[in-house]
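User: Could you walk me through reading some features of a model like this one? I'd like the general idea first, then the case at hand.

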Amino acid sequence: MPGCWHRSAVSLTTPRPQGGVAVFDATTRWTGTRWLVERKHRCQVNHCVIVGSRVRREGKRVLCHAGFHALSSSSSSSFENEGDGQTGVAALREFVDKNYIPIALLCAAMLGWVFPKPGEIAVSYKLQKLAIIGQFIISGLVLRASQVVAAIKSPFPVLYGTVSILLVTPFLGVGLMSLPIQPFEFKIGMTVFCCVPTTLSACVALTNACNGNAAIALMLAVLTNTLGVFTIPPMLAHALGSSAISGSFNQNDMLRSLVMSVLVPLMIGSVLQRIPDVSRWKDANKKLLSRMSTLFLCLTPWMQLSIASAAQLAIGPVMILTGVALGIGVHMVFLIFNMLVTRTFVFNKDPKENRAIKRAVILCTSEKTLPVAVAVMSQLGGLGSAMAYAVLPCIFSHIIQAVIDSALVSQWNKDDEMTLHAS
């Protein structure tokens, strides 16, 4: 049964159905999206223990996503047997819940490749553009304007992050275009990926998870996705240079398309959340909105791989490995570059706050958003059904950056824990 959450270092209690009280000693901290329970101690009162209704353990940390429930004495032994882990089914559920975005992307791509006909029909109805618009309406709907305003108090990290995301990292695309990468569309896709802004939600979520400055992360996400509409066309034209594809798009047409498919839906979502009824519905259905956003994201690889399969384009192991290698290489270059640069800056005199800001900046400046990349590629003429080749490495990159950055966040959290124990 649900118990009560308290932000404290004292016992959490819940009444036991059969009588008595179960006690749970913990240090709790609110991260903005969930309670983080640290230094867990479990004790029993009347053969009853408290466990999180959904618990994920990271080293000595226990992440509890919900309230508590009491176990009978017969159940407590099963909890004891679980020890530091969970049952197989619970562990699988936790893994899927944590990694549902990359899993969904891979499943959508495979589904489109094996069963291409539904994807072809979806393309004929312009569903891809609607999916992009839907995703940015949801992104605008869940934006927290108060955090964006709070980030204005720290202009320097926002300025550096914006310049790095929109004006510096796109230059890696120039280098990619000079490499002997096959197929040629891989180079086009990754060059576009380098020119787009940061992710709208992933970088903010990861920043929250490592005690970074979420306000800075959100500000960078909103600002770069807004300004990116205007910077992508000229930066992409420069990166593509004199390649055959460079003359296949008009910068003004691309700008108009990005305004209508990215900027306007983002503003519509932001306006909608100011309506009281919509705001209440949004707050009560955050998980549903998150899943809907993922669904819209997955529609793109599903449709593009469907087109590629119907056109009988060859996608073999070598091509897949090439796409994965590109994704790893590009993301590591972004990470290393921004880590080295931010090491030379002091964003805040308070060491703890300075570290929090640096983590937000590093994560935001090292990630790129897949939906905008797809919106841009849809404006490039000359790709046709081969656009699937251009999208494929971007899908891999989107998944890989999430995996690498999650590992980085986990390491930062371990470092924080070691520092806490040392003090």
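Predicted model: local features only at pLDDT ≥ 70, side-chain atom pairs only at ≥ 80, totals over all residues.

Analyst: We'll go through helices, their packing, a couple of threonines and some backbone details.

User: What span does H5 reach, and what is expected?

Analyst: Helices here are DSSP runs of H or I with at least four residues, numbered from the N terminus (strands are E runs of at least two). The expected span is 1.5 Å times one less than the number of residues. H5 has 16 residues and reaches 23 Å from first to last C-alpha, close to the expected 22 Å. H3 (residues 100-114), with 15 residues, reaches 21 Å, close to the 21 Å expected.

User: Which residues of H5 are buried, and what covers them?

Analyst: Buried means under 20% relative accessible area, exposed over 50%, and partly exposed in between (1.4 Å probe, protein chains only). In H5 the buried residues include Ala131, Gly134, Ile138 and Leu141. Their cover includes H11, H12 (251-272), H13 (276-284), H14, H17 and H18. For H3, the buried residues are Tyr100, Pro102, Leu105, Ala108, Ala109 and Gly112; they pack against H2, H4, H14, H17 and H18.

User: How do H5 and H17 pack?

Analyst: Two packed helices are described by the angle between their axes and the distance between the axes. Axes are lines fitted to C-alpha atoms, for helices over the stretch in contact, with angles from 0 to 180 degrees between N-to-C directions. H5 (residues 127-142) and H17 pack at about 145°, axes 10 Å apart. Contact means heavy atoms within 4.5 Å. Here it is made by Gln128, Ile132, Gln135 and Phe136 of H5 with Pro371, Val372, Val374 and Ala375 of H17. By class, that's 6 nonpolar, 2 polar and no charged residues (Ala, Val, Leu, Ile, Met, Phe, Trp, Tyr, Cys and Pro count as nonpolar, Asp, Glu, Lys and Arg as charged, and the others, Gly among them, as polar).

User: Is threonine 365 buried or exposed, and what does its side chain touch?

Analyst: Threonine 365 sits in H16 (residues 351-366) and is buried, at a relative accessible area of 0%. A polar contact is an N or O pair within 3.5 Å; within protein, one atom must be able to donate a hydrogen and the other to accept it, and residues adjacent in sequence count only if both atoms are side-chain atoms. The side chain of threonine 365 makes one of 3.3 Å with the side chain of asparagine 338, and one of its polar atoms lies 2.6 Å from the backbone oxygen of valine 361. Threonine 224, in H11, is also buried, at 0%. Beyond four places in sequence, threonine 224 contacts Thr162, Ile165, Leu166, Pro197 and Thr198.

User: Where is lysine 126, and what about its phi?

Analyst: Lysine 126 lies in the loop between H4 and H5, with a positive phi of about 60° although it is not a glycine. Lysine 126 is exposed because its relative accessible area is 62%. Asparagine 211 has a positive phi near 60°, and at 29% counts as partly exposed.

User: And which residues does the cis peptide bond join?

Analyst: Glutamine 182 and proline 183, with omega about 0°. Proline 183 is in the loop between H8 and H9.

Conventions:
Residues numbered from 1 in each chain as written. Heavy atoms only, no water.
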